[in-house]
Amino acid sequence: QVQLVESGGGLVQAGGSLRLSCAASGSSFVITAMGWYRQAPGKQRELVASMTSAGSTNYADSVKGRFTISRDGAKNTAYLQMNTLKPEDTAVYYCNAYIFRITGGADYWGQGTQVTVSS
(Lines give C-alpha, C1' and ligand atoms only; values in the text may rest on other atoms or scores of the structure.)
Protein backbone atom coordinates (compact mmCIF):
# COMPACT_ATOMS: atom_id res chain seq x y z
CA GLN A 1 0.00 0.00 0.00
CA VAL A 2 1.20 3.51 -0.80
CA GLN A 3 0.53 6.51 1.40
CA LEU A 4 1.07 10.23 0.89
CA VAL A 5 1.75 12.23 4.03
CA GLU A 6 1.71 16.02 3.95
CA SER A 7 3.27 18.43 6.40
CA GLY A 8 4.11 22.11 6.70
CA GLY A 9 0.74 23.81 6.84
CA GLY A 10 -0.14 26.41 9.43
CA LEU A 11 -1.13 29.98 10.14
CA VAL A 12 0.84 32.82 8.55
CA GLN A 13 0.33 36.52 8.01
CA ALA A 14 -0.24 37.92 4.55
CA GLY A 15 3.05 38.35 2.75
CA GLY A 16 4.61 35.44 4.59
CA SER A 17 5.86 32.09 3.37
CA LEU A 18 5.22 28.42 4.02
CA ARG A 19 6.71 25.24 2.62
CA LEU A 20 4.59 22.15 2.24
CA SER A 21 6.03 18.66 1.96
CA CYS A 22 4.48 15.47 0.67
CA ALA A 23 6.24 12.17 1.24
CA ALA A 24 5.18 8.94 -0.43
CA SER A 25 5.79 5.73 1.46
CA GLY A 26 5.23 2.10 0.68
CA SER A 27 6.90 -0.51 -1.45
CA SER A 28 7.29 -1.38 -5.11
CA PHE A 29 5.91 1.76 -6.68
CA VAL A 30 6.89 4.33 -9.27
CA ILE A 31 5.66 7.90 -9.15
CA THR A 32 5.00 9.78 -12.35
CA ALA A 33 3.30 13.12 -11.83
CA MET A 34 2.94 14.81 -8.46
CA GLY A 35 0.93 17.88 -7.66
CA TRP A 36 -0.79 20.05 -5.14
CA TYR A 37 -4.46 20.92 -5.03
CA ARG A 38 -6.39 23.10 -2.65
CA GLN A 39 -9.97 23.45 -1.51
CA ALA A 40 -11.31 26.52 0.22
CA PRO A 41 -14.60 26.44 2.15
CA GLY A 42 -17.56 26.37 -0.22
CA LYS A 43 -15.36 26.00 -3.29
CA GLN A 44 -14.31 23.15 -5.52
CA ARG A 45 -10.90 21.57 -5.27
CA GLU A 46 -8.53 23.21 -7.71
CA LEU A 47 -5.09 22.46 -9.08
CA VAL A 48 -2.36 24.65 -7.63
CA ALA A 49 0.77 23.18 -9.19
CA SER A 50 1.98 19.96 -10.74
CA MET A 51 5.22 18.43 -11.94
CA THR A 52 5.85 15.46 -14.19
CA SER A 53 8.66 12.97 -13.70
CA ALA A 54 10.46 14.78 -16.53
CA GLY A 55 10.31 18.03 -14.59
CA SER A 56 7.64 19.87 -16.52
CA THR A 57 5.59 22.14 -14.31
CA ASN A 58 2.14 23.65 -14.44
CA TYR A 59 0.74 26.36 -12.17
CA ALA A 60 -2.61 27.94 -11.57
CA ASP A 61 -2.60 31.52 -12.79
CA SER A 62 -3.37 32.75 -9.28
CA VAL A 63 -0.10 31.39 -7.88
CA LYS A 64 2.33 31.93 -10.76
CA GLY A 65 5.39 33.81 -9.60
CA ARG A 66 4.63 33.13 -5.94
CA PHE A 67 4.56 29.34 -5.58
CA THR A 68 7.18 26.83 -6.67
CA ILE A 69 6.76 23.08 -6.88
CA SER A 70 9.76 20.78 -6.65
CA ARG A 71 10.47 17.09 -6.20
CA ASP A 72 13.16 14.92 -4.68
CA GLY A 73 12.96 11.67 -6.59
CA ALA A 74 15.30 9.84 -4.25
CA LYS A 75 13.04 10.64 -1.31
CA ASN A 76 9.75 10.30 -3.21
CA THR A 77 8.87 13.71 -1.86
CA ALA A 78 7.30 16.78 -3.38
CA TYR A 79 7.43 20.28 -2.03
CA LEU A 80 5.41 23.44 -2.50
CA GLN A 81 7.20 26.64 -1.60
CA MET A 82 4.60 29.35 -1.10
CA ASN A 83 5.76 32.95 -0.95
CA THR A 84 3.93 36.25 -0.71
CA LEU A 85 0.90 34.49 0.65
CA LYS A 86 -2.49 36.15 0.41
CA PRO A 87 -5.66 35.61 2.46
CA GLU A 88 -7.26 34.07 -0.63
CA ASP A 89 -4.66 31.30 -0.47
CA THR A 90 -6.36 30.03 2.67
CA ALA A 91 -7.49 26.45 2.02
CA VAL A 92 -6.81 22.82 2.75
CA TYR A 93 -3.94 21.75 0.53
CA TYR A 94 -3.83 18.21 -0.79
CA CYS A 95 -0.93 16.32 -2.29
CA ASN A 96 -1.67 14.17 -5.32
CA ALA A 97 0.45 11.61 -7.10
CA TYR A 98 -0.11 9.24 -10.00
CA ILE A 99 1.57 6.03 -8.93
CA PHE A 100 2.24 2.80 -10.75
CA ARG A 101 2.39 -0.47 -8.86
CA ILE A 102 2.37 -4.04 -10.08
CA THR A 103 -1.44 -3.86 -10.19
CA GLY A 104 -1.46 -0.80 -12.43
CA GLY A 105 -1.62 2.98 -12.10
CA ALA A 106 -3.88 5.08 -9.90
CA ASP A 107 -4.28 8.49 -8.30
CA TYR A 108 -3.30 8.79 -4.66
CA TRP A 109 -4.19 11.62 -2.29
CA GLY A 110 -2.80 12.85 0.98
CA GLN A 111 -4.97 13.67 3.97
CA GLY A 112 -4.68 17.41 3.48
CA THR A 113 -2.98 20.16 5.44
CA GLN A 114 -4.59 23.45 6.45
CA VAL A 115 -3.04 26.72 5.32
CA THR A 116 -4.50 29.86 6.83
CA VAL A 117 -3.34 33.32 5.78
CA SER A 118 -4.42 36.19 7.97
CA SER A 119 -4.78 39.73 6.67
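**View 1. The disulfide between Cys 22 and Cys 95.** The torsion about the S-S bond of Cys 22 and Cys 95 comes out at about -75 degrees, so this disulfide is left-handed. Cys 22 sits in strand β3 and Cys 95 in strand β9, so the bond ties together parts that are 73 residues apart in sequence. The two sulfurs are 2.0 Å apart, and a disulfide here is any pair of cysteine sulfur atoms within 2.5 Å. Searching the whole structure turns up one disulfide. Cys 22 counts as buried, at 0% relative accessibility, and Cys 95 is buried at 0% as well. For these labels, buried is under 20% relative accessible area, exposed is over 50% and partly exposed is in between, using a 1.4 Å probe and protein chains only. Strands are DSSP runs (E, at least two residues) and helices are H or I runs of at least four, numbered from the N terminus.

A word on the model: it is predicted, so local features need pLDDT of at least 70 and side-chain atom pairs count only at pLDDT 80 or more, while totals for chains, interfaces and linings use all residues. Residues are numbered from 1 along each chain as its sequence is written, and side-chain values use heavy atoms, with hydrogens and water left out.

View 2. Look for Glu 6 in strand β1, which covers residues 3-7. Glu 6 is buried yet has no salt bridge, and the nearest side chain of opposite charge, Arg 45, is 7.7 Å away. When charges are assigned, Lys and Arg are positive, Asp and Glu are negative, and His and the chain ends are not counted. What the Glu 6 side chain does reach is backbone: the nitrogen of Gly 112 at 2.5 Å, and the nitrogen of Cys 95, which lies 2.5 Å from one of its polar atoms. A polar contact is a pair of N or O atoms within 3.5 Å; within protein, one must be able to donate a hydrogen and the other to accept it, and residues adjacent in sequence count only if both atoms are side-chain atoms. Not counting residues up to four places away in sequence, Glu 6 also touches a set of residues including Cys 22, Trp 36, Tyr 93 and Cys 95. Contact means heavy atoms within 4.5 Å.

View 3. Side chains of opposite charge can pair when their charged atoms come close. Here a salt bridge is a side-chain nitrogen of Lys or Arg within 4 Å of a carboxyl oxygen of Asp or Glu, and by that rule there are four. Arg 38 meets Glu 46 at 2.7 Å, N to O, and it also meets Asp 89 at 3.0 Å. Arg 38 is in strand β4 and Asp 89 in the loop between β8 and β9, so this pair ties together parts that are 51 residues apart in sequence. Both Arg 38 and Asp 89 are buried, whereas Glu 46 is partly exposed at 35%. Arg 38, Glu 46, Arg 66 and Asp 89 are linked in a network of salt bridges.

**View 4. Lys 64 with Asp 61, and the loop at Glu 88.** Lys 64 forms a salt bridge with Asp 61, the closest N and O atoms being 3.1 Å apart. Asp 61 is exposed, with a relative accessible area of 65%. Glu 88 is in the loop between β8 (77-82) and β9 (91-101), and it is exposed at 56%.

View 5. Arg 71 belongs to strand β7, residues 67-72, and is partly exposed at 25%. Its side chain reaches the backbone oxygen of Met 51 at 3.2 Å and that of Thr 52 at 3.4 Å.

**View 6. The largest nonpolar core.** This core has 31 residues, and those with the most contacts inside it are Trp 36, Val 48, Phe 67, Leu 80, Met 82 and Tyr 93. β9 gives the most to this core, with five residues. A nonpolar core is a set of buried Ala, Val, Leu, Ile, Met, Phe, Trp, Tyr and Cys residues joined through side-chain atoms within 4.5 Å. Leaving aside neighbours within four places in sequence, Leu 80 is in contact with several residues, among them Leu 18, Trp 36, Val 48, Phe 67 and Tyr 93.
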